[in-house]
Amino acid sequence: PHSRTELVAVLRDQLSQHRFEHVLRVEQTAIKLAQQNNVNLEKASIAGLVHDYAKQRPDQDFITVIKDKQMDPELLNYGNAIWHGIVGAELIKTELGIWDEDILNAVRHHTTGATIMSKLEQVIYMADYIEPGRNFAGVQQARQVTNQSLQAGVSFQTKQTLQYLIGQNKAIYPKTIATYNAWVAVNG
Ligand code: DGI
Ligand code: FE
Ligand code: FE
Ligand code: FE
């Protein structure tokens with residue numbers, strides 16, 4: 001895909017209607033946050049559009065990439081929730097021909113966050129969390145905090161997500177814990 005229109009057509013084909021509409025809302029939210037935080041708008045648009053590109057792929061596609069590219073073997077203990085970003089970025093390179101490492105890192109880290117995140121990575125991490133279709137308890141506060149300070153939003157989400165996962169008896173991917181430790185004390 002060489003234009004936004006072509007990229008949108010690929011995503012419409014790869015994703016369910018529900019997931020496709022989420023992706024369009026993440027794109028628009030990312031563009032807004034990028035404007036507020038002096039981030040490149042075109043990169044925010046592309047990263048927002050492709051962040052969940054691999055979300056509906058079968059597990060075996062990810063397992064193949066993890067083994068072929070000798071990625072962290074610890075990944076094999078997790079599932080689609082962790083794979084679609086970190087491993088999905090590799091599919092975005094080879095299948096969509098997007099090689100921009102800023103965009104790829106934003107996709108890689110959109111679920112788990114990272115100890116150090118660029119502004120673009122922070123924008124995509126937050127846009128995915130607060131896009132207008134989200135309706136979990138606390139999302140209004142998340143939107144307010146993020147509009148005041150992008151970094152405070154990252155901290156807020158990181159703390160909320162870890163609490164949520166523990167409440168659900170989910171295994172925590174070590175990078176998610178590292179993100180928590182790095183961001184827990186950030187207030188603005
Ligand atoms: O792909 P989306 O649904 O738009 O959102 P996402 O990529 O941010 O999150 C996908 C899921 O991943 C979400 O239900 C929370 C979950 N998740 C985030 N960190 C971890 C995790 N799940 C596990 N098991 N461990 C984690 O560390
Ligand atoms: Fe996702
Ligand atoms: Fe997210
Ligand atoms: Fe998403």
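**Pockets of the predicted model**

**View 1. The second largest pocket has a volume of about 230 Å³.** In this predicted model, local features need pLDDT of at least 70, side-chain atom pairs count only at pLDDT 80 or more, and totals for chains, interfaces and linings use all residues. Residues are numbered from 1 along each chain as its sequence is written, chains are lettered from A and ligands numbered from 1 in the order in which they are written, and side-chain values use heavy atoms, without hydrogens and water. On a 1 Å grid over the protein atoms alone, a pocket is an open set of points where a 1.4 Å probe fits, with protein on both sides within 12 Å along at least five of seven lines. Points are joined across faces, edges and corners, and the volume is the space filled by probe spheres set on them.

**View 2. The second largest pocket is lined by 14 residues (those with an atom within 4 Å of a point).** Nearest its centre lie P1, H2, L7, E42 and I46. Two or more lining residues come from each of α1 (4–14) and α3 (41–50), helices being DSSP runs (H or I, at least four residues) numbered from the N terminus. The largest share, four residues, belongs to α3.

**View 3. The largest pocket has a volume of about 850 Å³.** Its lining comprises 28 residues, with A81, T111, T161, Y164 and L165 the closest to the centre. The elements giving two or more residues to this lining are α2 (17–36), α5 (80–86), α8 (119–130) and α10 (150–167). With five residues, α10 gives the most.
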